[in-house]
Amino acid sequence: MNAWQTEKENLAAEILSANRAIGRRIAVAESCTGGIVASALTDVAGCSDVFAAGFVTYCADAKHRQLDVSNEILETFGEVSLATAWAMASGVLANSDADVAVAITGIAGPGGGSEKKPVGLVVFARALRGQNPDDYFTQRVQFTGGDRASIRQAATMFALNLLQPAGDELRPSDDISLPAA
């Protein structure tokens, strides 16, 4: 097992334990990570009392059908946008019994990027059941200096960290840039 796999495994176990301690269920909606976050959580034995659901919604149609992301949002803002990530997180809460939802959508590359949405751009959202939807955490992160695998790994770790109970205090945030590798 490499260092990233060990770190991911340890973080997933920590997140499950922390949420279990406060009686909370968690769920995720993934696009560019393709289920890696859900896989990390379900690799931990006994996760079923905390992990409620994982949605892999790679294309716009899946986001619309599984998470109720409106076609208007998808057509106006695109699949990789704050609005789409926000709607994905909201859709997870609406379509599961989770208390906390994290959504990830982005461009892992090597192709598919543009000047406005370059390779490495990943957008995150975090929603807490009962929270004012205007206060859902959303953030655009530009992961730099990495290939497809390292961008997906960095996005996975960022998303896992958002599932920590301490994330309850997060609110919409400014764009940031982080190294992917």
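I count two strands as paired if DSSP finds at least two bridges between them. The model I'm looking at is predicted.

**Sheet order.** I traced the strands and got six in an open sheet, ordered S2-S1-S3-S4-S5-S6, with mixed pairing. I then looked for the edges: strand S2 (51–56) and strand S6 (176–179) each pair on one side only.

**Strand S1.** Next I went to S1, residues 26–30, and found it mostly covered, with five of its five residues buried. Which residues point which way from S1? Ile-26, Val-28 and Glu-30 go one way, Ala-27 and Ala-29 go the other, and all are buried. I noted that Glu-30 is among the buried ones.

**Neighbours of S1.** On the S2 side I found five bridges, with the two strands running parallel. Val-28 has Gly-54 in S2 as its bridge partner.

**The S6 end.** I moved over to S5 (residues 137–144), which is joined to S6 by four bridges, the pair running parallel. Thr-144 stands opposite Pro-179 in S6.

**Helix H6.** Last, I looked at what H6 (residues 148–162) lies across: strand S3 (100–106), strand S4 (121–128), S5 and S6. Against S5, I have H6 running at about 155 degrees.

Notes: Residues are numbered from 1 along each chain as its sequence is written. This is a predicted model: local features need pLDDT of at least 70, side-chain atom pairs count only at pLDDT 80 or more; totals for chains, interfaces and linings use all residues. Side-chain values use heavy atoms; hydrogens and water are left out. Contact means heavy atoms within 4.5 Å. Axes are lines fitted to C-alpha atoms, for helices over the stretch in contact, and angles run from 0 to 180 degrees between N-to-C directions. Buried means under 20% relative accessible area, exposed over 50%, partly exposed in between (1.4 Å probe, protein chains only).
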